[in-house]
Amino acid sequence: MKESRHGLLLLTPALLVLTVLVMLPLLATLFFSFFEMRLGGTGARFVGLENYESLISSPAFWHSTKVTILWIVLSVFPQLAIGTVIAVALDRVRRLRSFLRAAIFLPWVIPVAVVAYMWQWILTPETGLVASVAASAGLESLAAYPFLTAPDSALGTALVVSAWRGVPFIVIMVFAALQSIGDEDYHAALVAGAGPLRCFFYVTLPYIKNMLVILAVIRTMQIANNYSLMALLTNGGPADSTKIIPLLIYELGFREFSLGKASALGVMALLLTSVCIAFMMRKRNGDK
Amino acid sequence: MGTNSRFSLSVALAWVVGVALFIPILWMMMTAIRPEHELYQIPLKLLPGALDWSNLETAWTEKSFGQYFYNSTLNSTLSVMFSMPIGIITGYAFSRFEIRHSKYYRAYVLFAYMVPIIILVVPFYLVAVQLNLYNTRLGHVLGLSTYAIPFATWVMIGYFEQIPREVEHSAAVDGASRMKTLIYILIPMARTGIIATALLTFILAWDDYIFALILLDSEHLRTLPLAIGYLSADYELTDGLMMAMGTITTLPILFLFVFFQKYFVGGMTSGAVKG
């Protein structure tokens, strides 16, 4: 009893701070979502589910939902696949292994504003690094191509930038999981005459399967809710082709000043995230 | 040997990827210190023919990046100082006390850790305005803390759980109080974890763009990422100057990364995954 109370006493600061800084704002968002509120306006009017209804009936909402789903699916799975291949390759490196691991990891810690800024510049038509390389190779049309400002290619280009930053994260995590596989396991498989592909599917994959599932969930949450990278890279454009839901939330709240609608969209985005959170919690409890 | 050649193919792939990922960062930094006339020369040269520090100087003084650097450093440091004590005490409590319903409190921390920032932004902005915290350093530090604190707490819980309990049993036999055990035995033992968590929290805070964007207005309070966000709309900047700004924003993180290398990977794989 006393034990429990002492422990709880030590938890109090964290519980208090998390309640004030995270839970109350979250509840406020839920509360605001039932009101019509203008930024800078006075008073709020209770409107029930009107904000939700108007979102669901707006093409902008469905468009952003579609873009967000594309953005998530085309980010998460390719990044997982590529990251796993690189992690397996890195695992076979013997010389300068830690150095190489650090070099591969580096993009993950580069500030997101710099990532966006740097890639915009690298991809600038005519003068950027990609254009210069293309021009040297005689590919004039590629050198002039506006990767980030053409509606056809903006999302695809953003996916490449997202992969540049995200793949290193996958590599490091999968690489860590690979370290739990003993050499005996591979030897046994090699003796049994298994080729590298079979080795991967029958020896490696079972060991890292759990890690891959967790990473898929984590990366989904990171990508689904990240405002900054897309805002700085394309700001949703051109022609809304990269306007993912976080950008729409920001636009509704701080450009159209419609805080109620922004909150309602936030609540809807949270539902998706909650599924991920619930999954993570079950996973964690299951592992214990 | 077939297997051997495949293995070296893997090694080659790993190196190619490592170099390819690094080139954009290196290119940015080289452009920052390259003389203007070398910028668009064909064929491309990775290393500059001469060093030119003028872009870095102009960014630092004329373009106020010195001030922004100070703001980023101070705000990130403050949010680490808010987060770490809470993280340490909470990690200690969860791993060393039999708390009733501990499972639910843990879930609460995990939930807070995973709530997307974009959802907190509207109410946070409104409250900040009400409490006169809008456009103040404290307001921004509190904004950073909405994710720095759950992050540090969650990672510290993981670290404290890794420390075997036998340690304190022997300390208890020696008659040491719990507080003494925490301060003189557990914290030193968790040192690696504490350093790793503090570093990753710092980097997380340094990376912040959204809270700076909604909470800071005055130029003298701007952080580096916010300044970069505003500048990307400024077409009068030369490429060299732009990349000097990017370099100034990246170098401190690069520095921490290189000098504290071993802490990073340990921290990452202990549940440090907010991004």
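How are helix 1 of chain A and helix 4 of chain B oriented to each other? They are oblique to each other, a class that takes the angles left over once those under 35 degrees count as roughly parallel, those over 145 as roughly antiparallel and those from 65 to 115 as roughly perpendicular.

This is a predicted model, in which local features need pLDDT of at least 70, side-chain atom pairs count only at pLDDT 80 or more, and totals for chains, interfaces and linings use all residues. Residues are numbered from 1 along each chain as its sequence is written, while chains are lettered from A and ligands numbered from 1 in the order in which they are written.

**Confidence and the two chains**

The model has an ipTM of 0.88 and a pTM of 0.90. For chain B the mean pLDDT (the predictor's confidence in each residue, from 0 to 100) is 86, with 93% of the residues at 70 or more. Where pLDDT is low, the predicted coordinates should not be read in detail.

The table sets out the chains. Helices (H or I, at least four residues) and strands (E, at least two) are DSSP runs numbered from the N terminus. A residue is buried if 20 or more other C-beta atoms, placed from the backbone, lie within 10 Å of its own, exposed if 12 or fewer, and partly exposed in between.

| Chain | Secondary structure | C-alpha span along principal axes | Buried residues |
|---|---|---|---|
| Chain A | 13 helices and 2 strands | about 75 × 75 × 30 Å | 40% of 288 residues |
| Chain B | 13 helices and 0 strands | about 70 × 70 × 30 Å | 47% of 275 residues |

Two residues are in contact if their C-beta atoms, placed from the backbone, lie within 7 Å. Among the contacts in chain A with a separation of 6 or more, 70% join residues 24 or more positions apart. For chain B the corresponding share is 78%.

**Where the chains meet**

The contact between the chains involves 75 residues from chain A and 74 residues from chain B. On the side of chain A that touches chain B, helix 1 (residues 2–32) of chain A gives the most, with 20 residues. That side is made of 58 nonpolar, 15 polar and 2 charged residues. Here Ala, Val, Leu, Ile, Met, Phe, Trp, Tyr, Cys and Pro count as nonpolar, Asp, Glu, Lys and Arg as charged, and the others, Gly among them, as polar.

The axes of helix 1 of chain A and helix 4 (residues 102–114) of chain B cross at roughly 40° and come within 10 Å. Axes are lines fitted to C-alpha atoms, for helices over the stretch in contact, and the angles run from 0 to 180 degrees between N-to-C directions. The crossing is left-handed, the term for a near helix turned anticlockwise from the far one by less than a right angle, with right-handed for clockwise. From helix 1 of chain A, A:Leu11, A:Ala14, A:Leu15, A:Leu18, A:Val22 and A:Met23 meet B:Tyr105, B:Tyr108, B:Val109 and B:Ala112 of helix 4 of chain B. This contact has 10 nonpolar residues, with no polar and no charged ones.

**Inside chain B**

Helix 5 (residues 117–130) and helix 6 (residues 137–162) of chain B have axes that come within 11 Å and cross at roughly 150°. That angle makes helix 5 of chain B roughly antiparallel to helix 6 of chain B. Their crossing is right-handed. B:Ile117, B:Leu120, B:Phe124 and B:Ala128 of helix 5 meet B:Gly139, B:Gly143, B:Thr146 and B:Tyr147 of helix 6. By class, this contact has 5 nonpolar, 3 polar and no charged residues.

B:Leu215 lies in helix 10 of chain B and is buried, with 27 other C-beta atoms within 10 Å. B:Tyr125 is 90 residues from B:Leu215 in sequence, yet their C-alpha atoms are 6.6 Å apart. Beyond four places in sequence, the contacts of B:Leu215 include B:Ala128, B:Gly139 and B:Gly143.

Helix 11 (residues 224–231) of chain B is largely enclosed by the rest of the structure, because 6 of its 8 residues are buried. Its cover includes helix 5 (112–122) and helix 11 (228–233) of chain A, as well as helix 3 (65–96), helix 10 (210–215) and helix 12 (239–259) of chain B.

**Two loop residues in chain A**

A:Glu126, in the loop between helix 5 and helix 6 (129–136) of chain A, has a positive phi near 70° without being a glycine. With 14 C-beta neighbours inside 10 Å, A:Glu126 is partly exposed. A:Ala239, in the loop between helix 11 and helix 12 (245–254) of chain A, has a positive phi of about 50°. A:Ala239 counts as exposed, with 10 C-beta neighbours inside 10 Å.
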